[in-house]
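These are my notebook entries on one protein model. I begin with a single residue and its contacts, then turn to the chain.

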Amino acid sequence: PITFDWYRNGENVVNPSNSSSPLGNGTFKGILTFSAVQKADAGSYTCRANGQRGTSTQSSLIFLNVTYAPYEVEVKVTSGVTVLGKRLTLECNAMANPLPHRYLWQKNSDSGFTVSKSQHSFSSLHYTDDGTY
């Protein structure tokens with residue numbers, strides 16, 4: 001029988017869902033199955049076939065890119081000071097793949113406004129800018 005070893009970023013992947021299947025004419029295919037893909041599964045994958053007469057060379061690389069929705073969203077002051085009349089820049093950061101391309105800024109849970117930048121700047125703080133963002 002032919003077996004396959006799988007590697008992620010050069011490290012052996014221990015996976016009970018690793019199987020092989022005959023295609024005919026002495027050809028086999030190796031199958032690595034993920035029951036639920038996780039962020040940690042992202043990386044470069046290769047495989048090797050093992051048979052009675054030895055082990056193959058390593059296959060070419062394939063990159064698994066795992067995408068996921070934004071989480072751990074935070075807003076912080078990146079420049080300026082919170083003083084009336086002064087400039088202030090807020091920045092919204094989130095863990096995501098791909099990175100967010102739109103941001104919804106809200107003040108005091110109002111309907112807000114959508115922009116394509118993660119930063120929101122105040123050229124001159126006014127008392128009406130006070131609130132939760």
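I looked up the contacts of Leu104, a contact being heavy atoms within 4.5 Å. Leaving aside residues up to four places away in sequence, Leu104 touches Ser111, Gly112, Phe113 and Thr114. I note that the model is predicted, that local features need pLDDT of at least 70 and side-chain atom pairs pLDDT 80 or more, while totals for chains, interfaces and linings use all residues. Residues are numbered from 1 along each chain as its sequence is written, and side-chain values use heavy atoms, with hydrogens and water left out.

I placed Leu104 in strand β10, residues 103-105. Trp6 lies 98 residues from Leu104 in sequence and 42 Å from it in space, C-alpha to C-alpha.

I then listed the elements: the protein chain has 12 strands and zero helices. Both are DSSP runs numbered from the N terminus, helices being H or I of at least four residues and strands E of at least two.

For the overall form, I found that the C-alpha trace spans about 80 × 25 × 20 Å along its principal axes. The radius of gyration of the protein chain is 25 Å, whereas a compact globule of 133 residues would have one near 14 Å. That radius is taken over C-alpha atoms, and the globule rule is 2.2 Å times the number of residues to the power 0.38.

I recorded that 20% of the 133 residues count as buried, meaning under 20% relative accessible area with a 1.4 Å probe, protein chains only. Among contacts with a separation of 6 or more, 45% join residues 24 or more positions apart.

Notes
Buried means under 20% relative accessible area, exposed over 50%, partly exposed in between (1.4 Å probe, protein chains only).
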